[in-house]
Amino acid sequence: MKKLVGVALIFFSLIACQESIKDSELSKIRVNGHIEFADSQDRFGITLNKRNEDNEFELFKKIELDSLNNYSFEMLTENPGYYTLDVYKQQRVEFYADDEDLTINFRGIDTAKVKIKNPPHVHINGGEKNNVLNAVHWSSYQNYQYMIAVGRQQYRASLSDSEEWKSDVLNEWDVMSEYHERDIKNIIKMYSKYPTVIKALERLSWKSHKDFMVEQYDLLAAKFPNDSYIQNAKSDLLEKIENVSKTSIGTVAPDFTFPDLDGNLISLSSFKGKYVLIDFWASWCGPCRIESPNVQKQYRLYRDKGFEVVSVSIDKKEKEWRKAVKEDNLEGTLLIAKDSKKIMKDYVFSGIPYMVLLDKEGKL
């Protein structure tokens, strides 16, 4: 009996040892940092958000601060992926969780008396994979500062009588865009051996750099065959390129069927015989709401002459869509896209407002 007990103890000790080894072998990283100005009311909190299969960030966990406004947590990274840390909805940074311990410090709440929507750049202290993201974030941050400066210059020029000044400022927008694209391409060349360089590629306009991007996506997909994010990004790019041919001028517009305010299902194809303006928008889109009165003016001018506006909202919240329709006094055919991802892929757009004009045969 004593021998049996001894064997059992050895057996269970071995199991415990193996479990301990398994735990130690799990891939994990530690993320820590400091919040300079913590929010005593903690209205929005600090959240860790994970990018899901739909390429959207969703809440993963809430982060707590200690008495010195520091935070620290561990993450299992058997499946590397992209996350964001969101601090009080004041600052947000995307990082890559794989094999690099990270330190990310934030300013925290905006203590200025006059608040400006221009949060400071957030640096990720870690390894080379996240240094790629640092380079991309810094380039985008600098580009945004440039945009603010050019926008102010454009406003001043508009108040003057100098046509030369106005023209120079317009050219500055193109210079700004070209500079940013060159910077991003340089980042891609510098960090081509890291999977996170995909984030630099995503900053380029695929319509303007199609051949370059296809080449780079092919190289990355071959180099990282098990990286689902890269493989999906390549598939999405090829799908966009294919869909462009389906939405070129002279082709029949992709059909869709969405519910109107009364829940009736309306198809685009039912408007053949009319000129149709498809207006993709959303209640949360400021430029869409600003442009709306102009669209409505044209609709009221020409609706008796065979012109129809098909307004397609990509709102996720139907309540907000209905509220905006009422506030803006919208008329025409008012629809809400139940599957906005598909319609955005079919018509190859990522930003709104986006408009498409069809002839009487339903061709673009």
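1. Basis. The model is predicted; local features require pLDDT of at least 70, side-chain atom pairs count only at pLDDT 80 or more, and totals for chains, interfaces and linings use all residues. Numbering runs from 1 along each chain as its sequence is written, and side-chain values rest on heavy atoms, with hydrogens and water left out.

2. Largest nonpolar core. A nonpolar core is a set of buried Ala, Val, Leu, Ile, Met, Phe, Trp, Tyr and Cys residues joined through side-chain atoms within 4.5 Å. Buried means under 20% relative accessible area, exposed over 50%, and partly exposed in between (1.4 Å probe, protein chains only). The largest core holds 49 residues, of which Val31, Leu85, Phe95 and Ile104 touch the most other members. Helix α5 (residues 210-223) supplies the largest share of this core, five residues. Helices (H or I, at least four residues) and strands (E, at least two) are DSSP runs, numbered from the N terminus. Another core, of 29 residues, lies apart from it and includes Ala282, Trp321, Ile352 and Leu358.

3. Val31. Contact means heavy atoms within 4.5 Å. Not counting residues up to four places away in sequence, Val31 touches Tyr71, Ser72, Phe73, Met75, Leu85, Phe95, Leu102 and Ile104.

4. Helix α8. In α8 (residues 318-327), the buried residues are Trp321, Ala324 and Val325. Viewed down the axis of α8, these buried residues fall within an arc of 100 degrees, so they line one face of the helix; the arc is that of the directions from the helix axis to the C-beta atoms. Lys319 and Lys326 are exposed on the face of α8 turned away from its buried side. The buried residues of α8 pack against β10 (257-259), β12 (275-281), α7 (286-302), β13 (307-313) and β14 (333-336). Asn329, which follows α8, has a positive phi, near 55 degrees.

5. Trp321. This residue of helix α8 counts as buried because its relative accessibility is 0%. Beyond residues up to four places away in sequence, Trp321 touches Pro259, Asp260, Leu261, Trp281, Ser283, Ser313, Asp315, Leu334, Leu335 and Ile336.

6. Cavity. On a 1 Å grid over the protein atoms alone, a cavity is a set of points where a 1.4 Å probe fits but cannot get out, and a pocket is an open set with protein on both sides within 12 Å along at least five of seven lines; lining residues have an atom within 4 Å of a point. Grid points are joined across faces, edges and corners, and a volume is the space filled by probe spheres set on the points. The count comes to one cavity of 30 Å³ or more, and the largest cavity has about 110 Å³ of space. Its lining includes Asp279, Trp281, Glu291, Val309 and Met355. β12, α7 and β13 each give two or more residues to this lining, and α7 gives the most, with five.

7. Second largest pocket. This pocket has a volume of about 370 Å³ and is lined by Asn49, Phe57, Thr84, Asp86, Lys89 and Arg92. The lining divides into one nonpolar, two polar and three charged residues (Ala, Val, Leu, Ile, Met, Phe, Trp, Tyr, Cys and Pro count as nonpolar, Asp, Glu, Lys and Arg as charged, and the others, Gly among them, as polar).

8. Thr77. Thr77 lies in the loop between β4 (70-76) and β5 (81-87) and is buried, with a relative accessible area of 3%. Leaving aside neighbours within four places in sequence, Thr77 is in contact with Ser27, Lys28, Ile29, Ala97 and Asp98.
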